[in-house]
Amino acid sequence: MRYSNEALAAVTVGSSNARALRRVAKRRDALATASPFVVATIGFCDAYLYCKGVLCYTLDDRLRLLDLHHSGQNELVISIPGLLTQALSEIGDNSKGVFQVLYYSDKILSCLYKSSGPDSTAWLIAFHLRTRGILFCHELESVDKIFVRHNRQYLYYGTHSEIGTDGNKKWVIHGYDFRGRKWFDQKVHLPNLVGSEIGSTICFEFYKEYFYALSNQTSFEVEEIDWTSFYHCIRFPLNSPCKALLEKTENKSMWRRQHQEGPIDDRWTNLRLDEDESSGQLRIVEARKEWYLGSSKSQRTYYTTDIIFPKLEKDDDFHLTDLSAASSSSASLSSHSASWHHASTFADESASSSASSSSSATTASSSSTTLADTSNTSANPPSEDLDTSDLPDVPLLRLLRKDDHPHHIKPPARLPQNTHPGNDGSTQPTHTLAKSRIRTYHTSCSTFLDLVDDPLPTDWQGRQRLRLRAGSRTLGPPLLYTHGPNQGLLRDPPLDLKTALAEMYRVPEIIYWPAAQHPEPEHSNEHLDAIYRLMNPPSHLGNVEGTADERSMVYVTGGCDEPQALIFIAFDPAIKLAGLKRWGGLCRKGVGEGPHIDGRATGHNSEEMEPYVDVCEGDRTVTVDRKGKGKEKARFTDAPIMQNAAGGCTTVDVHEGPFTGGKVGVGPARNSWAWKERAMYQDINLGYYFGLERAG
């Protein structure tokens with residue numbers, strides 16, 4: 001855990017390492033057991049963004065920023081009309097439009113303003129929260145799927161707007177240097193990086209001094225004959241976004257899956273880049289729901305994969321010597337050795353005549369060399385026109401033609417430590433996609449943590465009842481020889497993946513929080529009901545969406561045509577919001593036995609009866625909404641940790657409201673476009689802290 005935020009903070013400020021260690025242990029235990037330290041109504045909003053522990057939300061014509069990770073007691077309030085007047089000195093006919101927050105990091109906020117009207121214009125605006133200075137205001141050519149990533153030195157934004165020679169849209173990246181106060185001359189074009197849904201098929205992140213882009217897709221066309229799927233990752237230095245310094249991964253090092261592993265339900269797919277708290281390395285974390293090996297039951301599984309770039313060679317023409325150290329971050333190829341054999345089935349069956357035609361699973365770059373001559377327009381058999389030496393020798397090859405681009409490698413071993421299967425439906429209850437509002441995975445504690453809508457089975461109306469659902473695993477005892485000359489010595493896990501997982505890990509039962517309610521009012525528990533009302537405000541139900549990070553979760557609930565309630569759930573014991581009530585019921589001790597371990601709410605205490613279990617809770621399945629399968633809005637889809645997507649837009653009119661165009665100021669004066677106010681949650685005063693007095 002040396003690369004966790006707690007450990008890094010301890011090194012930076014010179015605080016106690018023991019305190020940081022306890023804080024990490026409590027956080028991981030809270031996540032694994034779905035036992036939060038804080039649940040509170042944090043405010044009401046029209047739209048929001050939760051990024052880097054800072055909540056940015058809009059209400060009416062004001063933008064409010066609250067640092068939740070540091071238990072902020074005050075909010076920075078910004079008049080949106082005032083900000084736009086400062087940024088756009090000649091706003092003129094563009095006074096009406098929509099405002100959207102895109103990204104926050106290092107005290108810098110990036111936002112988008114798009115004017116209304118026939119001659120609509122869009123601007124990307126960045127300003128510093130501490131100095132209240134406008135860093136730049138840049139007119140945009142396109143806002144198609146726009147995203148922003150930045151740190152204190154550089155900002156990059158991308159749009160899915162460049163039309164390629166094949167007629168498909170491609171990603172184009174633009175960069176800005178804050179210190180030099182200038183845009184980089186070169187744009188970065190990504191014509192071979194396929195995927196348009198950020199967080200599902202493609203993702204972008206900063207890591208150290210590089211910009212990373214990752215895709216799990218192949219081509220813009222469906223490959224009818226294909227065997228193997230790959231990840232594709234590129235990176236370039238933040239200080240020099242040029243083609244010469246752009247690095248690409250190779251297919252042989254970035255195996256994703258064999259199509260024979262089974263069909264994928266793409267609606268559940270989640271893709272992100274995650275920094276490992278133990279090694280500090282950047283890894284791929286992907287969730288896939290698959291009918292594994294033709295099973296009749298689908299199962300959500302999280303896969304982690306190392307990012308391996310080819311070693312750089314000296315090239316004076318492209319000045320690559322500055323990047324020689326960058327390759328040291330590449331992980332070892334040992335994970336791709338044949339020491340593991342997850343199912344020898346794939347090595348043998350890859351030569352079978354069945355190849356997947358799934359359009360969602362093809363992932364290879366256009367640079368893959370599987371066809372020798374694509375310029376020949378004849379329709380002769382592939383033996384005459386194509387190089388099929390890398391493909392399995394099966395009758396299916398006779399169907400290949402020059403326009404096909406199949407990919408195949410012998411599948412490497414899938415390591416059990418990089419594979420975490422979830423519930424396959426055999427453990428009830430299960431939840432449909434529409435009822436799984438937030439789906440996250442925490443690699444630090446090997447835990448699925450979801451926010452699910454789990455109505456009481458006896459409630460025929462199916463009213464909203466949000467709960468946390470956690471499924472984790474822990475390492476079991478060491479594997480030893482039980483007989484023979486090596487009895488008592490350590491042994492390797494079995495070669496079969498399923499058997500290795502069963503022997504290496506202990507999987508406890510899935511945990512729900514809050515605990516189950518009794519359906520009869522006379523047997524209700526007032527403490528339990530209070531938590532449910534807090535998580536499901538009776539006056540603000542429906543339209544749930546949210547965002548999570550490694551230590552907290554924020555979601556909104558309520559009607560679309562009115563401000564929605566913002567609910568905050570924290571698993572970090574150090575997050576202690578001012579004025580929250582200390583929890584007085586339903587407590588237990590946390591991990592360990594000493595007084596330094598915080599207790600958390602679990603649904604009952606020693607003085608009460610055993611917790612009630614919902615009627616048929618152990619053997620039921622949540623049904624699909626009456627709207628029908630696949631009818632839910634896109635906002636209900638996966639909200640991955642560290643995937644910072646804006647929650648929506650706010651309509652503004654610069655010429656309306658009390659703002660008079662004054663300068664920056666602090667205090668309640670409304671002729672300033674930025675000031676501080678007491679945090680809204682302190683006035684709302686709805687929330688609980690479940691820990692003890694000591695936060696560390």
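Predicted model: local features only at pLDDT ≥ 70, side-chain atom pairs only at ≥ 80, totals over all residues.
R62 stands opposite S79 of strand 5. The hairpin of strand 4 and strand 5 has six residues between the strands, and S71 in its turn shows a positive phi of about 55°.

Six strands form an open sheet with mixed pairing, in the order 31-32-33-1-39-34. Strand 31 (545-548) and strand 34 (581-582) each have a single partner strand, so these two stand at the edges and one side of each lacks a neighbour in the sheet.

At the strand 31 end, the pairing is with strand 32 (residues 552-557): it is antiparallel and comprises four bridges. A548 has M553, in strand 32, as its bridge partner.

## The protein as a whole

The protein contains eight helices and 39 strands. It has 696 residues, 55% of which count as buried. Among contacts with a separation of 6 or more, 63% come from residues 24 or more positions apart. The accessible surface is about 31,600 Å², and carbon and sulfur atoms contribute 50% of that area.

## Confidence

The average pLDDT of the protein is 78, and 72% of the residues score at least 70. Where is confidence lowest, and where is it highest? The lowest is in strand 36 (residues 600-601), with a mean of 38, while the highest is in strand 10 (residues 147-150), at 97.

Over residues 316-384 the pLDDT stays under 50; the model has 154 contacts beyond four places in sequence for this stretch. Residues 586-646 also have a pLDDT below 50, and here the model shows 168 contacts beyond near neighbours in sequence.

Terms used
Residues numbered from 1 in each chain as written. Heavy atoms only, no water. Pairing = 2+ DSSP bridges. Buried < 20%, exposed > 50% of the residue type's maximum accessible area, 1.4 Å probe, protein only. Contact = heavy atoms within 4.5 Å. Areas by Shrake-Rupley, 256 points an atom, 1.4 Å probe, with all protein chains shown as cover. pLDDT = per-residue confidence, 0-100.
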